[in-house]
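Student: I have a structure open and would like to go through parts of it. Can we start once it is on screen?

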Amino acid sequence: EQLTEATAYMAAQAGALADQVERTEAGDLKTDFSAMAKSAGAGYAALGRQYDFFAVEKLPTVKRLLGADLFSYTGTTGIFVAFTGESGVNPDTYAASLPFTMCHELAHYLSVAAEDEANFAAFLASTAHPDLAFQYSGWYSAFIYCYNALYDADREMASAIWDGMSDTLRADCRRANAHYEPYEGAVQNAAQQVNDAYLKAFDEEDGVESYGKAADLLIAWYLQEAA
């Protein structure tokens, strides 16, 4: 019940912004990687005025990962290099997810190690960002995590939310699936197994499933802040 309410709320918030953001002729969110990479920290600057944890003087510029196709085939949208303190993002990340992904990798720079917590921090930073593109990306990503969890739990309720939400938001979800479909296969499956083992080696007990557990944090946030 709580998951259904949270999913519907995220869909409504994302849907309200879906038609306000600037888009390409193809209908995708219009992005400028370099400009967004420089401004991604603005969301955390806004959070820092509310939460001391995020009150840092300046965050580094997000780096563009080279070899986008290779990262896409392995299912990698971003990485954080602890040795250099650099947050890198795959420029081939689907447009609606790109700003959110930048905020996710910056969360690791802020020592938010767990993947579900980094996703939640990225949601907070994206939706607090002054740029509508970041705000939409944050709500869009929150909806995706909650919707996927709801689909596993109650497909009938998930379908009802899907059918009733913004046409533009629904189109973004479909284009995201189409964008990533060519990269699916044995290479990506093998890479995900490696990433799963890597995360578990660093005490992330749920491995790659930890990314999706952000839905738990999003529900808790919804119950406290929005319900």
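This is a predicted model: local features need pLDDT of at least 70, side-chain atom pairs count only at pLDDT 80 or more; totals for chains, interfaces and linings use all residues.

Student: Fine. Which way do β2 and β3 run, parallel or antiparallel?

Tutor: Strand β2, residues 78-81, runs antiparallel to β3, and 4 bridges join the two. One of the residues bridged to β3 is V81, whose partner there is E86.

Student: How many residues lie between β2 and β3?

Tutor: There are 4 residues between them, and the two strands form a hairpin. In the turn, G85 has a positive phi of about 70°.

Student: And in which sense does β1 pair with β3?

Tutor: In the parallel sense, over 2 bridges. Strand β1 covers residues 63-64 and β3 covers residues 86-89. K63 has G88 as its bridge partner in β3.

Student: Which residues of α11 are buried?

Tutor: A214, A215, L218, I219, W221 and Y222. These residues sit on the same side of α11, because they cover an arc of only 165° around the axis.

Student: Why would residues three or four places apart point the same way?

Tutor: An α-helix has 3.6 residues a turn, so residues at that spacing point the same way.

Student: What do the buried residues of α11 pack against?

Tutor: They pack against three helices: α1 (2-18), α6 (115-128) and α7 (132-153).

Student: Let me pick a residue, L17. Where is it?

Tutor: L17 is in helix α1.

Student: Is L17 buried or exposed?

Tutor: L17 counts as buried, because its relative accessible area is 10% and the cut-off for buried is under 20%.

Student: What is L17 in contact with, leaving aside neighbours within four places in sequence?

Tutor: L17 is in contact with L132, Q135, Y136 and W139. L17 and Y136 are 119 residues apart along the chain, yet their C-alpha atoms are separated by 5.8 Å.

Student: Last topic, cysteines. How many disulfides does the count come to?

Tutor: The count comes to 0 disulfides, where a pair of cysteine sulfur atoms would have to be within 2.5 Å.

Student: And C103 and C146, what is the relative accessibility of each?

Tutor: C103 is at 0% and counts as buried. C146 is also buried, with a relative accessible area of 0%.

Technical notes. Residues are numbered from 1 along each chain as its sequence is written. Side-chain values use heavy atoms; hydrogens and water are left out. Two strands pair if DSSP finds at least two bridges between them. Buried means under 20% relative accessible area, exposed over 50%, partly exposed in between (1.4 Å probe, protein chains only). The arc is that of the directions from the helix axis to the C-beta atoms. Contact means heavy atoms within 4.5 Å.
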